[in-house]
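Hi everyone, thanks for making time. I'd like to walk you through a few spots in the structure I've been looking at, so please have it open.

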2 protein chains.
Amino acid sequence: MSKQNRDKIKVFALGGVGEIGKNMYVVDTGEEIFVMDSGLMFPQEEMLGIDIVIPDVTYLKENLERVTGIFLTHAHEDHIGGLPYVLRQVPVPVYGTRLTLGLVEAKLKEAGLLRSTELNLIETNQKLSFNSAKVSFFHVNHSIPDAVGIAIHTSQGIIANTGDFKIDHTPIDGQHTEFGKISALAEEGVLCLLSDSTNAERPGSTGPEAQVGQEILDVFQAAKGRIIIASFASNVHRVQQVMNAAAKTNRKVAVNGRSMVKVVDIASQLGYLTIEKDLLVTIDQANDYSDEKVVILTTGSQGESMAALSRMAQKSHKQIALRPSDTVVIAATPIPGNETSVAKMVDKLMRTGADVIFGQKKVHVSGHGSAEELKFMLSMMKPKYFMPVHGEYKMQKAHQKLAIEVGVEKDNIFIVDKGEVVEFANGFAQKTGKVPSGNVLVDGLGVGDIGNIVLRDRKLLSQDGILVVVVTISKDSHKLISGPEIISRGFVYVRESEALLQEANTKVRDVLEKCMNENMKEWSSLKSNVRDTLSQYLFEKTKRRPMIMPIIMEI
Amino acid sequence: MSKQNRDKIKVFALGGVGEIGKNMYVVDTGEEIFVMDSGLMFPQEEMLGIDIVIPDVTYLKENLERVTGIFLTHAHEDHIGGLPYVLRQVPVPVYGTRLTLGLVEAKLKEAGLLRSTELNLIETNQKLSFNSAKVSFFHVNHSIPDAVGIAIHTSQGIIANTGDFKIDHTPIDGQHTEFGKISALAEEGVLCLLSDSTNAERPGSTGPEAQVGQEILDVFQAAKGRIIIASFASNVHRVQQVMNAAAKTNRKVAVNGRSMVKVVDIASQLGYLTIEKDLLVTIDQANDYSDEKVVILTTGSQGESMAALSRMAQKSHKQIALRPSDTVVIAATPIPGNETSVAKMVDKLMRTGADVIFGQKKVHVSGHGSAEELKFMLSMMKPKYFMPVHGEYKMQKAHQKLAIEVGVEKDNIFIVDKGEVVEFANGFAQKTGKVPSGNVLVDGLGVGDIGNIVLRDRKLLSQDGILVVVVTISKDSHKLISGPEIISRGFVYVRESEALLQEANTKVRDVLEKCMNENMKEWSSLKSNVRDTLSQYLFEKTKRRPMIMPIIMEI
């Protein structure tokens with residue numbers, strides 16, 4: 001690798017820009033490639049039947065031998081959830097802090113990738129040396145412990161990535177955002193800063209996690225019966241505060257929901273969660289205590305239909321039936337897109353007669369810094385160039401505005417879309433092109449095999465259903481032998497539409513006979529004649545457009 | 001009809017409670033039935049392919065000869081949108097104020113129901129006399145002109161319905177909520193009040209529409225290029241304020257979008273909208289003016305994919321291409337459920353480079369009163385009984401709390417679900433049962449023919465698609481003659497899954513031969529054998545569960 005090449009440094013995002021989710025940022029020094037995070041995104045409404053979405057990692061696959069590793073900022077799904085899929089295509093070492101690796105380990109174990117993956121523990125004071133750059137870390141505050149920002153020290157200066165952060169002066173775990181290290185980075189010279197844009201549109205400061213603890217304690221003290229409290233499992237600080245409030249009010253805690261059980265288990269094993277002796281009980285044991293002695297800590301704050309809280313709301317939870325004396329606390333806000341399902345769940349929860357606390361009290365605070373915190377980070381880092389990342393376009397734009405306010409040159413701010421490359425040479429930057437990028441859809445075991453055609457068909461099928469028309473035709477005599485048989489799904493309720501389907505049958509028979517009398521030999525023409533006739537007839541009668549699938553069996 | 005029967009008055013909601021939408025409230029005096037409003041609801045996420053939802057009006061159909069008419073409070077879709085469907089089943093007179101009837105006329109004309117429907121203009125000072133009750137009206141403020149509340153003067157007292165309302169002391173049209181009339185109703189004696197719960201969870205007051213006018217004017221004065229402003233078409237007050245701001249800033253207004261054109265047309269013809277001479281231009285004419293002289297008033301504030309603003313965002317609008325110098329104003333908030341589509345549209349609008357004003361400025365205010373206004377209404381009406389309506393369960397509950405605060409007895413408050421009957425006898429009320437009620441789904445020309453089975457099939461089809469398996473079998477020899485032919489849609493991308501489908505074909509052939517060797521004669525057993533084998537094989541290979549439809553052609 002020539003010196004010249006090494007002096008061209010490419011920075012781009014494979015995910016996380018122009019969207020919320022599947023964060024993946026890449027620094028390519030020419031000699032080596034450093035990947036930061038490997039997240040997933042939950043499917044959008046139009047991605048019917050899709051389980052999750054990950055970034056297109058073609059660039060990494062094609063340059064596999066130059067990839068030094070995937071450096072993780074923290075253990076949220078939008079930063080680590082893509083690992084099981086990405087590592088199968090890009091088997092490289094993974095770097096993370098202790099809690100991050102703890103949660104990644106569980107994930108890779110489930111995926112059968114634990115043995116084949118090299119996991120490297122980050123000690124945040126160490127500086128990792130590679131050929132073309134050094135990598136160092138700094139602690140930041142976020143809604144999960146052990147979150148870090150990453151600094152890649154290149155020949156042209158530092159490329160720094162804040163990861164998800166806010167500035168919390170009273171952190172639950174006593175671990176502050178490391179201003180000293182950030183100042184030292186600024187001193188060394190930050191060529192380019194990538195920073196979290198999630199709350200760039202929000203004025204002011206986000207507020208400390210500790211304020212939530214006081215609110216939770218107030219609710220616990222006021223509640224006369226059981227308390228059911230839902231939170232993100234990964235928010236270990238929140239979980240800690242629930243444990244503290246329970247201990248203070250002499251309540252036992254039963255942990256409910258698969259991911260909550262997992263996180264409480266791993267976090268307490270690794271020392272990130274301190275739980276008083278005898279505080280935890282099982283759900284069954286909880287039933288032996290009187291109501292005012294019980295807290296049930298559960299998953300399902302997003303109204304996910306299969307999660308524990310939703311099942312309680314629907315009265316289908318096997319162990320927990322809500323009572324009017326219960327207090328249900330949702331200590332989270334809906335992620336954009338989940339508003340409707342959360343609202344529906346709240347409605348059902350209220351109908352049980354329980355007191356539902358959601359929205360009114362301050363039982364949740366964001367993990368992402370607002371405008372003042374983002375400006376503070378920019379002021380501390382003093383970057384020459386700036387890339388607002390981790391957010392939709394409008395958030396990136398709002399972040400750009402904040403950066404200009406604190407003195408970053410407008411021309412030095414790059415709002416990039418997925419795959420857009422910003423190239424640095426001799427300390428100067430410009431956009432130079434694109435690398436392959438996009439949404440890779442995961443459906444069951446299929447990664448990337450679902451494309452627009454399949455999605456378009458699912459959309460059509462979901463709107464007006466399908467009508468299958470089968471006929472058997474003699475190869476020799478070219479006569480109709482059997483059928484037409486018409487079967488539909490998702491179109492009309494068959495029993496009430498016998499006349500319609502009968503008439504459709506006659507229409508198909510007529511058009512087939514006409515075609516065959518005209519000696520039409522190509523099945524494709526025959527099929528499109530059937531499709532057109534039927535489509536027109538059904539639209540006229542029902543104003544619906546089911547998918548029509550003619551099948552000709554030749555014997 | 002005996003006196004005794006007449007003295008049992010039933011009040012119930014066929015829609016509008018436990019939900020937002022399809023408002024329809026019924027007062028049955030025993031002798032006569034008074035229906036208030038006939039709204040529609042937009043389909044919820046799980047109602048795949050459904051166009052709109054209306055209430056079940058079985059009760060009205062079965063008691064058709066006793067229905068005096070449908071009395072409309074105002075011309076919003078959730079109050080009048082069901083009329084074309086309901087009037088076909090329940091052909092009764094319709095009563096409404098002038099603007100309401102103007103908009104209803106256009107709707108009935110489109111539906112071919114104008115000639116067959118008796119439309120009666122309400123003069124708000126008149127009192128209509130029926131056999132068992134009188135009906136009077138009072139003006140209220142709302143986000144459409146000519147909105148009224150309804151009072152049904154029965155033998156036991158008044159049943160009053162506020163309709164949608166807020167209290168605006170500086171209304172755009174000078175038409176205040178008629179406190180005098182409301183006080184007079186209280187004096188006469190309000191037996192039961194039905195009141196709008198939409199904003200019951202919001203503290204304080206909603207604020208006047210006029211404040212929006214000032215914000216709009218500020219934006220118009222600051223904008224350097226064209227202004228594109230989106231609003232609900234029916235919010236004639238808002239439209240008026242846009243016209244005013246345009247006139248003041250020497251801009252011409254081009255009206256865009258079908259419903260906006262229709263409302264501007266009807267409202268100005270009826271005198272509800274005052275437009276300066278020469279203010280309006282066509283879109284084509286607008287192109288002849290310099291950018292700073294142009295306002296485009298458009299539909300699409302909810303991100304509806306086919307509406308004008310969305311088409312501009314997607315660059316598919318035939319006449320309007322956005323420019324970086326444009327200012328786009330969305331003078332509305334997303335209706336619950338539309339948050340995601342609005343956010344996506346805003347993102348696309350911003351990417352055009354235009355300045356997008358949404359959320360930050362106060363260019364929208366709700367048409368529904370908040371807590372203080374709701375308490376004010378309760379205090380003025382002094383009802384003996386109270387039914388919070390027009391809202392989800394949590395809003396009804398919040399409204400109940402407000403009513404208790406202002407002194408309504410808790411036992412005298414009825415939170416009803418659809419169809420639940422509150423019966424009044426000798427001035428006392430109790431819940432006495434249910435009338436038929438529910439969601440009637442409209443899909444194309446079908447009203448109510450889509451049930452759970454069709455929706456379940458659409459859901460299944462939308463998740464993993466469908467696989468059709470066709471075989472031809474000889475009736476006599478009981479042998480496979482042709483096939484199996486396997487065709488799929490929405491399952492896998494066929495070209496990349498040849499091996500999978502080939503193997504599936506072999507599996508089907510094997511199971512069929514096995515069945516026929518065992519002399520299995522029933523097609524249904526044969527089919528379920530094929531379905532089970534295939535389902536298991538495909539799930540194993542893909543972790544997907546397409547719908548499998550085996551078809552046996554017998555010759």
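**A walk through two chains**

Just past the end of H13 in chain B, Lys382(B) takes a positive phi of about 45°. Before I go on, keep in mind that this is a predicted model.

Let's stay with the helix itself. How many of the 11 residues of H13(B) are buried? It's 8 of the 11, so the helix is largely enclosed by the rest of the structure. The buried ones are Ala371(B), Glu373(B), Leu374(B), Lys375(B), Met377(B), Leu378(B), Met380(B) and Met381(B). And what do they pack against? In chain B, the partners include strand S9 (134–139), strand S11 (157–161), helix H6 (179–188) and strand S12 (190–196). Strand S19 (385–389) and H14 are also among them.

Now that helix pair. In general, two packed helices are described by the angle between their axes and the distance between the axes. Here, H13 (residues 371–381) and H14 (residues 393–405) of chain B have axes that come within 9 Å and cross at roughly 55°. H13(B) and H14(B) are therefore oblique to each other, and their crossing is right-handed. From H13(B), the residues involved are Ala371(B), Leu374(B), Lys375(B) and Leu378(B), and they meet His399(B), Leu402(B), Ala403(B) and Glu405(B) of H14(B). Sorted by class, that contact has 5 nonpolar, 1 polar and 2 charged residues.

Most residues other than glycine have a negative phi, and most peptide bonds are trans. Lys22(B) has a positive phi, near 35°, and is not a glycine. You'll find Lys22(B) in the loop between strand S1 (8–15) and strand S2 (24–28) of chain B. Is Lys22(B) buried or exposed? Buried, because its relative accessibility is 0% and the cut-off for buried is under 20%.

Over in chain A, Asn250(A) also isn't a glycine, and its phi is positive at about 55°. Asn250(A) sits in the loop between helix H8 (236–248) and strand S14 (252–256). With 55% relative accessibility, Asn250(A) counts as exposed.

Back in chain B for a moment: the peptide bond between Gly483(B) and Pro484(B) is cis, with omega about 0°. Pro484(B) belongs to strand S25, residues 480–489.

Now to a threonine in chain A. Thr206(A) is in the loop between strand S12 (190–196) and helix H7 (210–222), and it is buried, at 10% relative accessible area. Which partners does its side chain have? A polar atom of the Thr206(A) side chain lies 2.6 Å from the backbone oxygen of His368(A). The side chains of Thr206(A) and Ser370(A) are joined by a polar contact of 2.7 Å. Leaving out residues up to four places away in sequence, Thr206(A) also touches others, including Lys166(A), Asn199(A), Val365(A) and Glu373(A).

Last stop, Leu14(A), in strand S1 (residues 8–15) of chain A. Leu14(A) is buried, with 0% relative accessible area. Not counting residues up to four places away in sequence, what does Leu14(A) touch? Among its contacts are Met24(A), Val26(A), Pro55(A), Leu60(A), Lys418(A) and Val435(A).

Definitions and conventions
Residues numbered from 1 in each chain as written. Chains lettered and ligands numbered in written order. Predicted model: local features only at pLDDT ≥ 70, side-chain atom pairs only at ≥ 80, totals over all residues. Heavy atoms only, no water. Helix = DSSP H or I, 4+ residues; strand = E, 2+ residues; numbered from the N terminus. Buried < 20%, exposed > 50% of the residue type's maximum accessible area, 1.4 Å probe, protein only. Polar contact = N/O pair within 3.5 Å; in protein donor to acceptor, adjacent residues only side chain to side chain. Contact = heavy atoms within 4.5 Å. Axes fitted to C-alpha atoms, helices over the stretch in contact; angles between N-to-C directions. Parallel < 35°, antiparallel > 145°, perpendicular 65-115°, else oblique. Left-handed = near helix turned anticlockwise from the far one by under 90°. Nonpolar A, V, L, I, M, F, W, Y, C, P; charged D, E, K, R; others polar.
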